[in-house]
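The following note comments on a structure of two chains, in numbered points. Please read each point with the coordinates open.

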Amino acid sequence: MRRVVGQMSFLATVLLLILHATWGWAADLATDNPRTMRFPTVEFNPPDAERVVLDNGMVVYLLEDHELPLITINATLKTGSWLDPADKVGLAGMTGAVMRTGGSAGMSPDEVDEALEQLAATISIGFGKESGSASLDVLKKDLKRGLYIFADLLRRPAFEQGRVELAKLQALEGIRRRQDSPGSIVGREFAKLLYGATHPSARETSVRSVESITREDLVAFHRQTVHPNGIIVGVTGDFEKGEMLALLREAFGDWAKGTVPDVKIPSVAESERKTGAVRFISKDTSQTHLRVGHLTVKETDPDYVAVAIANDILGGSSFRSRLFNDVRTKRGLAYSVGSGLRASVYDEGVWLMRAETKLASTQEVVNRFVANMERMRNEPVTDNELEEAKEAYVNSFVFSFTSASSIVARLMDLEYDGLPKDWLQQIRDKVVKLTKDDIQRAAKVHFNPERLRILAVGSGEALSKVLASFGEVQEITLAPES
Amino acid sequence: MISLERARSIGILIVAGLLAAAVPGYADSPSLADRVIEHKLANGMTVLMVERHQAPIVSINMTFGVGGVNEQVGLTGLAHLYEHMAFKGTRTVGTRDFEREQAVLDDLTLVGNELDRRERADSTKAEMEGKPYAPSQEVQQLQRRFKELQDKAGEFVVGNEMALLYQRHGGVGLNASTGKDITRYVISLPANRLPLWAALESDRMAHPVLREFYKERGVVMEERRLRTDDSPNGLLYETFTSTAFQAHQYGVPTIGWGSDILALTPAATEAFFKTYYGPNNATVAIVGDIKPQEVIALIEQTFGKIPAAPPIPTLVTEEPPQRGERRVEIEFDAEPALAIGYHKPTIGHPDDFVFDVIDEVLTEGVTSRLYGTLVRDKRLAASVLSDTNYPGVRAPNLFVIAATPLAPHTTAEVEAAIYEQLDRLKAEPISSKEFERVLNGLDADLVRSLRSNSGLASQLAFYQTVAGTWRYVLSARDRIAAVTPADVQRVAAQYLTKSNRTVGVLVKKAPDKKMAAVGEVSR
């Protein structure tokens, strides 16, 4: 779930800004009415990164940027918590964390920490659901030393026992604290309500699963999933390509290939996806924390772009959106309100509407959610709304290319996901061609009132009464964590 | 969303953003000192510009020297509410017909004031008599009239038009925030859209209209519930801060006390605007693909027409010296947490630079003293951090250390371990290795802070506003480099004392099933 649509900038892409622009707006100043101001679209040809594949399959993107004496190396690793065994949920996450903290073959954990802080360099390593990431950020003068530590941690992590124990204690404390805030509860429990509690996209660590993880498990997980042919590296900053490639070959070139896992996330049962549900969790709060939505398309679905723009108009675009205007601006019922669409190429996406509001206005807010969803289905969006959505998208396009690192990160993401280099360009073309009918049709198919799952965290019994008009209400009781 | 109350979250490391030019190798690139172009308008507005031509974009940070510190009791939350209202448009933007709208807004204010007053009086009376509050006939009549006027006013509104215009032209990152000391409005745009920004913002500075006032007051109440009332940390820091500051406005929550928010009026908000939001109290930092001479011309033509406001009232209240430790517990259905604060001088005072060093030595990075001992070695704490400028920088503030215990260890054990490290600061000089690490970190942060347009704009406008000059960031680095181990010992002994400290402890409380949001006036 590394790209999130719902904010227009994520739809935007790397490659195609061949639009027009001029300076000299001074001439237009006579018309200083912001409603009628018009500007040419900005012209910009972002630099392209060079792609090199090392003999062992490691892919490297390089893009020089000499403004500041800094170098950043980012790596995406084909691994992830989707590989966690059912009885050791948390294994991938802990492997990534202790790769950073647990030292390497060449250096003890303390030596790594001290060296990095003395250089004012940072290395971070973390494994998420569908991929792992590692990065080095270092001053140009310290590149060699930084790269040595970085490569050693990636290739030969030591997983020192004391640091493994510390990571486990921290994970247990995290579990103990995860019911503290209603916002965190509603997010996690809604994922479970959509995917099911054992699905890789929703499952959580438990005291038992964390306690069962051993140093040997981390060693094995690293050995099984981290291989040079499963790594994409992106280098940006103040370097010279030839020298950098030589350094990378020195650091990684003799690392042998291995068998890389292919990311596969199980589907949610069709029967499970078709039904709605109303659930609440009792917590002594001053607001009801609401999530209303259901599973939706993957990023590669032909309807994805139409759903994304429908969501944008409904609640994704902040100030422009219907939900923001209706629930916040016109009614003053919530500070944070909107809808979101999160999709990846691997997993069923999530579409949801969300808000926090006082108990007394909870029912009204859910009613507004449903009414706005129905309106998207039952009538076309206005010409103005469609035009605004498209203009916002096209005009903010340039923000996808603001730096060498953003350009390279995008190329790495697309390659990791097996998408073509011009993928975002294709999306842009589809956005520009969308019609009101396309959007209504997508809303009708993909915003489904029968399938709505409603979750509310808030003031117990009173809340369950307020929700009763939306279906049979059941309570979710949170298990004590310790 | 619109508002982030940044100053309330601990961990804004002012030090981490210092810019200087002393990094080896950095001499090759043009130094910041040479790249910032300053321009001052006749009406007092300050413009800071940096050209960066990597991409055809520009980031703009408009900072006003006003925040929670400028509020009076009874009107707390006013600066933050005004920040919300500033998105409601002007006499031309956000309305279909301002002249007709204005008449309705005037009536609405009259009825709204009367309704607020009557509802408050009646609910107080009901409480005294031990009866449930029920609106009287007269109140119900006022409510109906209020609703009619609100609907009528709504007919003139073009909802969120200012934001919509920005977005339509490709604007991203539109946001605003209110802190103790400052209020800021930020946006990034394709570079050739700068005239749109100048038109919208000069109009907002000259002619804001407080439309949809009562609805936005409700939104702010929801924001307070979200960020403070339902947040263990939000509530911990609100109570901790108001315990540490008993006279000075730093003790008042920037979002406002709930009862004050519900009593804020359009008249008070407008008076606040007229006092604090003139060009003479504004700094604009513009970083990106610009031609400074063109930008100056544009700003002179737009903002230049706005007259300066009268001089800003000075702050008179000083926090009296603390005479004895203060301790406060906050009960919440959450795991325990701890905050410890010491009063200290602020920006520009020689001892403030010493605190920058202490802050880094104690908590910056995994080799720092508190992280190393409490988290890594003794495993008493799950996290520990510090902040040397809490909750603001314009007035004497607090050095704060915050930690969460790692069960089964208690806040008391963590607290004792922290004091042990503070005593060590007093007893022995910091090592040259530690000091070198502090300076390396500062210098590297400084280079990194130049990476993003919006980050750089934010820094420049911030220091211009709170220190009087953006160049503070350059001089601060040298002042920090001049700190000696003896200074650290002296300052630790002088300020990090029991009688000068306030301790806030979040205490786990079992949930009770009481109803939330009782007795609130809702519209």
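1. Chain B contains 18 helices and twelve strands, where helices (H or I, at least four residues) and strands (E, at least two) are DSSP runs numbered from the N terminus. With a radius of gyration of 25 Å, close to the 24 Å that the globule rule gives for 523 residues, chain B is as compact as a globular protein of that length. The radius is taken over C-alpha atoms, and the rule is 2.2 Å times the number of residues to the power 0.38.

2. The model is a predicted one: local features need pLDDT of at least 70 and side-chain atom pairs count only at pLDDT 80 or more, while totals for chains, interfaces and linings use all residues. Residues are numbered from 1 along each chain as its sequence is written, chains are lettered from A and ligands numbered from 1 in the order in which they are written, and side-chain values use heavy atoms, with hydrogens and water left out.

3. The C-alpha trace of chain B spans about 70 × 65 × 35 Å along its principal axes. Of the 523 residues in chain B, 61% are buried; buried means under 20% relative accessible area, exposed over 50%, and partly exposed in between (1.4 Å probe, protein chains only). Among contacts in chain B with a separation of 6 or more, 83% are between residues 24 or more positions apart, a contact being heavy atoms within 4.5 Å.

4. The interface deserves attention. Chain A contributes 86 residues to the contact and chain B contributes 102 residues. About 8100 Å² is buried between chain A and chain B, 57% of it on carbon and sulfur atoms; this is the accessible area (1.4 Å probe) that the two parts lose on being put together, summed over both.

5. Between chain A and chain B there are 14 salt bridges, each defined by a side-chain nitrogen of Lys or Arg within 4 Å of a carboxyl oxygen of Asp or Glu. A:Arg35 and B:Glu161 form a salt bridge through their side chains, at 2.6 Å from N to O.

6. Elements giving two or more residues to the side of chain A that touches chain B include α3 (109-119), α5 (161-177) and α12 (322-330) of chain A. The most comes from α5(A), with nine residues.

7. A:Asn325 is in helix α12 of chain A and is buried, at 17% relative accessible area. Leaving aside residues up to four places away in sequence, A:Asn325 touches A:Phe319, A:Arg320, A:Lys330, B:Gly159 and B:Asn160.

8. Most residues other than glycine have a negative phi, and most peptide bonds are trans. A:Ser318, in the loop between α11 (304-316) and α12 of chain A, has a positive phi near 55 degrees and is buried at 18% relative accessibility. B:Arg379 also has a positive phi, of about 55 degrees, and lies in the loop between α13 (369-377) and β10 of chain B.

9. Two cis peptide bonds may be checked in chain B. B:Tyr390 and B:Pro391 are joined by one, with omega about -5 degrees; B:Pro391 is in the loop between β10 (381-390) and β11 (397-405) of chain B. The bond from B:Ala407 to B:Pro408 is cis, with omega near 5 degrees, and B:Pro408 is in the loop between β11 and α14 (411-427) of chain B.
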